[in-house]
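Hi there,

Here is the structure I promised to pass on.

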Amino acid sequence: MHLKAAAASMEQDSPSSGPLDMAALLLAAYDLGDMINQSADAADYLYWKAQLERDGEAQALIRRFRKAKERFEECGRFGRFHPDYDEAKREAAELQRRLDECVTVRRFKEAERVVDEMLHEIAVLIARAVSDDIKVPDGGAFRNGCGGGSCSGGCAGCG
């Protein structure tokens with residue numbers, strides 16, 4: 001997707017050149033959404049999302065990781081003093097490592113990251129078209145996808 005061309009087009013059709021036409025603005029937003037959905041990056045994301053949903057081994061690992069993570073979080077409320085803390089931590093870390101090694105999970109997370117970056121770049125362009133002072137979320141939970149690399153349920157593939 002050529003974001004510089006889109007930004008130039010936005011500048012030409014700037015709302016500051018006349019009264020704000022909310023209907024035209026919404027139509028342009030829907031058109032932008034359609035362009036994003038038709039992009040190769042979105043197609044790659046949807047492909048790997050479907051692959052992840054069909055990958056029984058990956059889904060089993062995700063379920064096991066969620067349970068291990070819940071167990072670790074429960075133990076973590078008491079800290080190292082909980083009798084199962086070290087075992088729960090080890091189990092969660094081992095399942096995390098196995099998820100990180102799963103090709104389907106890795107490819108999905110990479111495709112998700114690429115789409116996330118594209119959406120963030122678009123958000124920055126839109127915000128800057130309005131004002132340089134508008135803040136656009138950058139980093140943290142807004143940018144990490146898939147639970148920040150932990151496949152902990154924060155992404156579409158993990159629920």
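Predicted model: local features only at pLDDT ≥ 70, side-chain atom pairs only at ≥ 80, totals over all residues.

Helix α5, residues 85–101, packs against helix α6, residues 103–130, at an angle of about 75 degrees, and their axes are 5 Å apart. Since angles of 65 to 115 degrees count as roughly perpendicular, that makes α5 roughly perpendicular to α6. On the α5 side, the contact is made by Leu99, Asp100 and Glu101, while α6 brings in Val103, Val105, Arg106 and Lys109. Sorted by class, that contact holds three nonpolar and four charged residues, with no polar ones.

Staying with α6 for a moment: the helix has 28 residues and spans 41 Å from its first C-alpha to its last, close to the 40 Å expected at 1.5 Å a residue. Which residues of α6 are buried? They are Thr104, Val105, Phe108, Lys109, Ala111, Glu112, Val115, Asp116, Met118, His120, Ile122 and Ala127. Val105 and Lys109, from that list of buried residues, also take part in the contact with α5.

Ala127 deserves a line of its own. This residue sits in helix α6, and it counts as buried because its relative accessibility is 7%, where the cut-off for buried is under 20%. What does Ala127 touch, leaving aside neighbours within four places in sequence? Its contacts there are Ile134 and Val136.

Now for the chain as a whole. Of the 159 residues, 28% are buried. Taking contacts between residues at least 6 apart in sequence, 67% join residues at least 24 apart.

The mean pLDDT of the chain is 83, and 75% of the residues reach 70 or more. Over residues 141–159, pLDDT stays under 50. For that stretch the model has 49 contacts beyond four places in sequence.

Best wishes

Terms used:
Residues numbered from 1 in each chain as written. Heavy atoms only, no water. Axes fitted to C-alpha atoms, helices over the stretch in contact; angles between N-to-C directions. Helix = DSSP H or I, 4+ residues; strand = E, 2+ residues; numbered from the N terminus. Parallel < 35°, antiparallel > 145°, perpendicular 65-115°, else oblique. Contact = heavy atoms within 4.5 Å. Nonpolar A, V, L, I, M, F, W, Y, C, P; charged D, E, K, R; others polar. pLDDT = per-residue confidence, 0-100. Expected span 1.5 Å × (residues − 1). Buried < 20%, exposed > 50% of the residue type's maximum accessible area, 1.4 Å probe, protein only.
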